[in-house]
Amino acid sequence: GLGGLASATVNFAVANVAPDVQATLARDVLVGEAARGGGSIADPGLDSWSGTVSYGDGQVEPLVIAGTAFQLAHRYAAAGVYSWHVAVTDDDGGTGYVFSSVTVLSHASWIERMIAKIRAAQLDKGLTNSLVKKLENASKSLANGNTAPALGQLGAFRNELDAATKTGRFPALPSSELLGMLQRLLALL
């Protein structure tokens, strides 16, 4: 209060904060289909980053970072559940991670999911049986390596599903989901 002044000097170190990494990858894909996703990096420092992505099947790739974003895409050769992770390191040595998994389904498992959707729709028994039979026959043909007959059976399934949807015998929402699943399968055959 009388105008006196005191001062002190304190040394301190500012610790680096590791980058916060957020990422997603498709949760369910077919063997041979690209699992796609992407992510972003948040970091309070004025940092630059480098990173890798491990897809869980032995493939480790450098992460291509554009600004604070990156894209992910990978094709799996075999069915299974794969644990994947992204690691991002800033120029101060801090590393952030994100971990998750992807389920890769065989054609037979994919068709089983389609059959389960049909059964869940609680349709008339004749329509259910007819649609399911076409999918089961396609699955058997694929298991035997007979792609051409499988394509014919899947085409017949699509035609019957379209007709049942147009006439109101099959609800529109599960129909569009089934057609999307069918299109993904057909793209790989």
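Student: At what angle do helix H2 and helix H3 pack?

Tutor: Happy to start there, keeping in mind that this is a predicted model. H2 covers residues 125-143 and H3 covers residues 147-166. Their axes lie 8 Å apart, and the packing angle is about 160°.

Student: Are H2 and H3 roughly parallel or roughly antiparallel to each other?

Tutor: Angles over 145 degrees count as roughly antiparallel. The two helices pack at about 160°, and their crossing is left-handed. H2 and H3 are therefore roughly antiparallel.

Student: How many nonpolar, polar and charged residues does the contact of H2 with H3 have?

Tutor: On the H2 side, the residues in contact include Leu127, Leu131, Lys134 and Leu135. H3 contributes, among them, Ala150, Leu154, Phe157 and Glu160. By class, the contact has 12 nonpolar, 5 polar and 2 charged residues.

Student: Which way do H1 and H4 run relative to each other, roughly parallel or roughly antiparallel?

Tutor: Helix H1 spans residues 107-120 and helix H4 spans residues 172-188; their axes come within 10 Å and cross at roughly 165°. The crossing is left-handed. With the cut-off for this class at over 145 degrees, H1 and H4 are therefore roughly antiparallel.

Student: How many charged residues does the contact of H1 with H4 have?

Tutor: From H1, the contact includes His107, Trp110, Arg113 and Lys117, while H4 supplies Glu177, Met181 and Arg184, among others. Sorted by class, there are 9 nonpolar residues and 1 polar residue, and the charged residues number 4.

Student: Why is the pair of Tyr76 and Tyr82 stacked?

Tutor: A search of the whole structure gives 2 aromatic pairs. In the pair of Tyr76 and Tyr82, the ring centres are 4.5 Å apart and the planes are at 25°. Planes under 30 degrees apart count as stacked, so the pair of Tyr76 and Tyr82 is stacked.

Student: And Phe99, is that residue buried or exposed?

Tutor: Phe99 forms a stacked aromatic pair with Tyr97, at 5.9 Å centre to centre and 25° between the planes. Tyr97 is partly exposed, at 48% relative accessibility. Phe99 has 60%, and the cut-off for exposed is over 50%, so Phe99 counts as exposed.

Student: Is Leu72 buried or exposed?

Tutor: Leu72 sits in strand E7, residues 69-75. Beyond residues up to four places away in sequence, Leu72 touches several others, including Leu25, Val53, Tyr55, Leu63, Trp84 and Val86. The relative accessible area of Leu72 is 2%, and the cut-off is under 20%, so Leu72 is buried.

How values were computed:
Residues numbered from 1 in each chain as written. Predicted model: local features only at pLDDT ≥ 70, side-chain atom pairs only at ≥ 80, totals over all residues. Heavy atoms only, no water. Phe/Tyr/Trp six-rings, centres within 6.5 Å; stacked < 30°, edge-to-face > 60°. Buried < 20%, exposed > 50% of the residue type's maximum accessible area, 1.4 Å probe, protein only. Axes fitted to C-alpha atoms, helices over the stretch in contact; angles between N-to-C directions. Helix = DSSP H or I, 4+ residues; strand = E, 2+ residues; numbered from the N terminus. Parallel < 35°, antiparallel > 145°, perpendicular 65-115°, else oblique. Left-handed = near helix turned anticlockwise from the far one by under 90°. Contact = heavy atoms within 4.5 Å. Nonpolar A, V, L, I, M, F, W, Y, C, P; charged D, E, K, R; others polar.
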